[in-house]
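This report describes one protein for a reader who is new to structural terms. Please consult the sequence and the model while reading.

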Amino acid sequence: PDVPSAIQVFAEAAGTGERIRTRMPRALERLVRMPLSHFDAVQRSAEEETLPAALVIHDGGDRKVPFGLGARLATAWPCARLHVTRGLGHHRILHDDGVIAASVDFLAAGAGC
């Protein structure tokens, strides 16, 4: 999603302190040799008109990635659909029969708008 939120999620998962987290954006820009705004999926999707359809799957109780980030991406992406799950968290979502069925249905429909 947006770069500051992604950095925050990563920093929390990695257990880094505030000092390292605040230095990460500049260090990453030096590493990739371009502004991090280039990787901001929310901003970039709002700017594009010819993106393919997308299925954003997010659990309302995800403790690793705040639910609002997935919802913002689905709203900004011109042709996206948000599939909300409950009680799966961050990892169980990958093995859930309902999520798999929704993904297959999305792909089988041709992923059109």
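Helices (H or I, at least four residues) and strands (E, at least two) are DSSP runs, numbered from the N terminus. The model is predicted, so local features need pLDDT of at least 70 and side-chain atom pairs count only at pLDDT 80 or more, while totals for chains, interfaces and linings use all residues. Residues are numbered from 1 along each chain as its sequence is written, and side-chain values use heavy atoms, with hydrogens and water left out.

The protein has five helices and two strands, arranged along the sequence as α-α-α-β-α-β-α. Overall values are listed below.

| Property of the protein | Value |
|---|---|
| Box filled by the C-alpha atoms, along the principal axes | roughly 45 × 35 × 20 Å |
| Accessible surface (Shrake-Rupley method, 1.4 Å probe) | about 7600 Å² |

Carbon and sulfur atoms hold 58% of this accessible surface. Of the 113 residues, 28% count as buried, a term for under 20% relative accessible area, with exposed meaning over 50% and partly exposed in between (1.4 Å probe, protein chains only). Contact means heavy atoms within 4.5 Å; among contacts with a separation of 6 or more, 64% join residues 24 or more positions apart.

One residue may be considered individually. Where is the place of Arg30? Arg30 lies in helix H2, which covers residues 18-32. Why does Arg30 count as exposed? Arg30 counts as exposed because its relative accessibility is 57%.
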